Structures are given as C-alpha cells and as structure tokens.
Amino acid sequence: MIDALTFLVFVTLFIVFIVIGFLGRLFRKGDLSKIEEWGLGGRRMGTALVWFLVGADLFTAYTFIAVPSSMFAVGSLYYFAVPYVSITFAIAMLTMPRLWRYAKKRGYVTAADFVKDKFNSRNLAIIIAVTGIVAELPYIALQVVGMQAILSAMLAGVANFALVSDVALILAFLAIAGFTYFAGLRGVTLTAVFKDILIFTTVIVVILAVTFAVGGFGKSFAAVPKYVTLPPAYSTAYISLFVMSAFALYLYPHAINGSLSAQDDKKLRRSQALLPIYAIGLAFIVLFGVMVYAVPHAMAALDSVPAASRGVLVVPTLIASTMPGWFTGFAFLGIFIGGLVPAAIMAIAVANLLTRNIVKEIRPKMTPHNETRSAKWIAVIFEFVALGFVFAVPATYSIQLQLLGGIIILQTLPAVFIALFTDKLNKYSIMTGWAAGIITGIGLLEYVNNYGLLTKSLISSPFGAIFIGAIALAVNLLIVVVWSAIAPGKASKSFLQATKNV
Amino acid sequence: MEGKKVVAAILIIIPFIAYLALPLYNTEFPEVYGLPFFYWYQIIWLPISGVLFYIAAVLIDSGRKKAKGRRSSR
C-alpha cells in the first residue's frame, strides 16, 4: 500500500541517512586533505565495518531490482548469484590481505598503484586503471536505474510523475555528492551500516510475511513449474557464470578500495571469510522473483504495466502489495539508499584511480593536497555523470554496458591477482593477454547478439552454453602463462627489496 | 605451519566442491516448505561456507605469524 504514511517514513529516514553521512566526517577523525584519509578512511576500518562496507556492494539497488526480475522472467539460471557470493569471498580472503600488506608498506591506494610498482610499468598501470574505470561506470549508472524503479513504484499516479522522479533523483545525488566530498569513505561506511539494517529488516519481514500468507513456496513454484530446477542444458552456463563472477568481483575498483580501507590484514581476511553469511539475505531476495507468482494482486498490478518495464517493478510491487504503508516506506528507502551508498563507494574508487593513475601521470608534480582535492571533485563529477547518463540513454544500454564491464574487468586478473603470488610474469605477456581477452570478449559478445543490442552473454559450445567471459579469460591466461614460461619477466627491484618480509 | 596450510586449503575447497557438484543438487526433492532442494541446498551452503572460510582464515593467519617470527629471528 502506498499512502501518505509511506512518503512520511521514506522522507524522514532519508533525512536521518543524510545526517549520518555528514557526521561520518567526525568518525575516527583524520586529516581529510590526505587521500588515504578521504579515500580509504585512513585504513582504520575494523572487521565489522569492512564487512558492512564490502557487503554494501552486494545489496545494491541494482541487485535488489535486477536479479529478482531476471529470476521472475527467465528462472533458475539467475540463481547463480548464490554460489557466486559464497566462493567470491574465498577468493577475496586469499588475495585481498596480501594486496593490503603491499599497499600498507608501499602506500598504494589502488590496484593500479600495485601494478605500476611491481612491474615498474606506467603503461600497464594505466591499462589497468582505464579498464577499472570503464567497467565501473555502468555499474554506477545501474544503481540509478534501480533507484528509478523505486520512485516509479512510489510515485505512480502522481501528477507530472516523470518530472517529480527526476527532481527527487537530483536531490538525492546532491545529498550524496555533499557527503562524499566532505566526509569521504568514512561517511559512506556509516551510511552503509544504516542501509543494511533497513535492508536486512526488509528481507526478513517480507520473506516471513509472504511465505506465511501464501503458505510456503509450493504455490509460487506451482505457477512456474519449469523454475523448480535448472534445465540441464544450462549446467555449464550456470557454473561458468558463478565462477567467473566470483573472480570478477574483487577486480572491480570498489571492492579493492573497500578492502584496502581495512585496519589490518587479519581483520580484512576474517571479515571477507564471514561475508557468505551476509549473503543469505541475497539468496532470499532472488527468491522474491518467484514468490511474487503466488500473490494475486501483485501479479495483477504487474500485468497492468507494459511488459518492458514489468521486470524492474517485481520487488517494489511485491512489497507494496503485501506490506502496510509505513513498512513499504521503510523498505523502499532501504532499496533507494541501497543505490546511493554503492554509487558513492564506486565514485570514490573511480576518483582514486583517475587521480592517482591517470591525472598524476600527466601532471607528476601535483602536491598531495591537490591530489586529494582532485579526487574529491572527480568523485562528485562522476556521480553526476552517471546520473546524467541514465537521463540521457535508455536503461537497456546501461544493462548492456554492465554485461560488457563484467567481461572486460576479468581481463585484469593476471596483472592484479596472479601478480600477487609470482614474480615471473612478463609484463608484455600481460598486455598482450589483456588485449586478446578484450578483443575475444567483445567480438564474441557482438557475434552472439548478431551485432545488435547486447542482451545475451552466453555462447553455445560443445559443453553446452557457456559464459563468454570464461572464454575471453582462458585466451588471456593461455597467452600470459605460455609467454611467461618461455620468457619470464622480472618484478622491479625496489618492490622486491621493500616487500621481502611482507 | 605446513599442516595448518593444508587444512586451510581443504576447508576452502569444500564449498567449491559443494557448489560444483551441480548434478547432485539439481533436483526438486526433498522440498522444505515448498522450496525445491536445488534452492535450499545452495542457501544452506552459505553459512557453512562462512564458518569453513573463517576457520581457514584463523589457521592461515596463525601459520603466517609463526613463519614471520622464524624469519625475523634468523
């Protein structure tokens, strides 16, 4: 139910959210004109805070809206999100603490800093930074798409709906730009905790309320019997999707940025190890896409909107049609800021990369003070670029770019993950492998989509349909491994010297 | 220290195997509250993964501490 109370709860909680964001400035106080303080929270986040900060990227507005809607429309294939959020944290706990130790010792803020230092190669670092930025942009844009879905569910029937929705989004972004600028990662971390309290409560309450109201999941699955299991033809697709997504997550700048803000490597490792528990909520959110089939008035409401926009409305409609108005306001605000908080984390990560690994390469004499000022402004500008992007182009393009982003970010795996564990990689093999992986990935993606709109990321193979990212990464790895075995590279001397006991 | 590393590696690999064994869990029954086995099996493995990973994390860090101590006393 949407009523005045829904709006009241939504707006009140939004004000609380903004206040918390600005107060973040005072939390574990530091000199915010230093990039480590602004962009990494002074590397002082304990186990619980890193848990929330990194976990915040799991429960984004986009996951909340898009994964259940794919589950609703396509079915069990999209449940790959569940195994993905288990094993991605095994990869994180094995790689991130080591990167953290190098970062602490050598003052890195980004993964590209590590690549530059280890390979003594400015060019390779720029390649890694650009790949990260390009992959991250559509991710930010999709948060806006998720937030729009909430606004359209809430404002349906209001006069000048489109205008009101756009104004609301601009106001929300002004607020978050303000506290990104003034409080940096500290503000974002505190709001991440607030957001997760809202989201967790929503998930638990909605799951319990709907399952008891309709008497279990049986009725939902009876409405869509083919969703009961995974069609065997999709086995390879399922496994390749969850394994590749698991490797991709910690190559994204926002995940690395969150990890580097940890207080020490042990706390980081433990917080990552525990994140699969946090992900239980995600598993239930995905099931919202099936549960909605058992709620007749939610289905009726969905039938009344055009098929193209039905998907994104699955979760908002399920909540609004089963919960009292005040709770709908509470849940909607949770999802809404579930878009803002990750967007801010991502903008900070992009700003760190762009400032340190691109702007600073062009203007090496930049003072630390100017470096931080530049990062603050880039973060703010990026937030508005993402917002403008969503206003300017249809949501389907953002989704396509996101698909592409997942494939290209995987191509940084040798330079970032493998280089953590060996000194033998040849930097030219990494550049060549990267280029070959990107060409293969984009080429195959265009091919399976007949050079038109990108909607599919699977390609048929002798083992059944498989995720294109897996093939692109295989090509990349083959080049890196064979080349580096024949002509091993050398890690830079200063890096080896300094990290001998790390 | 090596023993601890091996145990940690095994603990980390267990959830991978559990999720890669897709044909074994891709079935409808037994259901729980109407939820097919395919779905709840994968949910159950989330908390199990978390516990196994956590134990592995503690083992890895205690192994590291000793190795480091040995290195610096040399």
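Me: Hi! How many residues does the contact take from chain A, and how many from chain B?
Reply: The contact takes 32 residues from chain A and 30 residues from chain B. Two residues are in contact if their C-beta atoms, placed from the backbone, lie within 7 Å.

Me: Which elements of chain A give two or more residues to that side?
Reply: They are helix H5 (81–106), helix H9 (218–223), helix H10 (235–249), helix H12 (265–278) and helix H13 (280–291) of chain A. Helices (H or I, at least four residues) and strands (E, at least two) are DSSP runs, numbered from the N terminus.

Me: And how do the residues on that side divide into nonpolar, polar and charged?
Reply: The side of chain A that touches chain B has 21 nonpolar, 8 polar and 3 charged residues. Here Ala, Val, Leu, Ile, Met, Phe, Trp, Tyr, Cys and Pro count as nonpolar, Asp, Glu, Lys and Arg as charged, and the others, Gly among them, as polar.

Me: Before I go on, where do the numbers and letters come from?
Reply: Residues are numbered from 1 along each chain as its sequence is written, while chains are lettered from A and ligands numbered from 1 in the order in which they are written. This is a predicted model, where local features need pLDDT of at least 70, side-chain atom pairs count only at pLDDT 80 or more, and totals for chains, interfaces and linings use all residues.

Me: Thanks! How many helices and strands does chain A have?
Reply: Chain A has 23 helices and 2 strands. Its C-alpha trace spans about 65 × 55 × 40 Å along the principal axes.

Me: What about H11(A), is that buried or exposed?
Reply: In helix H11 (residues 253–260) of chain A, 8 of the 8 residues are buried, so this helix is largely enclosed by the rest of the structure. Among them are A:Pro253, A:His254 and A:Leu260. Buried means 20 or more other C-beta atoms within 10 Å of a residue's own, exposed means 12 or fewer, and partly exposed is in between, with C-beta atoms placed from the backbone. In chain A, 58% of the 502 residues count as buried.

Me: New topic: at what angle do H1(A) and H8(A) pack?
Reply: Helix H1 (residues 4–23) and helix H8 (residues 161–214) of chain A pack at about 105 degrees, with their axes 6 Å apart. Axes are lines fitted to C-alpha atoms, for helices over the stretch in contact, and angles run from 0 to 180 degrees between N-to-C directions.

Me: Which residues meet there?
Reply: A:Phe17 and A:Phe22 are among those in H1(A), and the residues they and their neighbours meet in H8(A) include A:Phe179 and A:Phe194.
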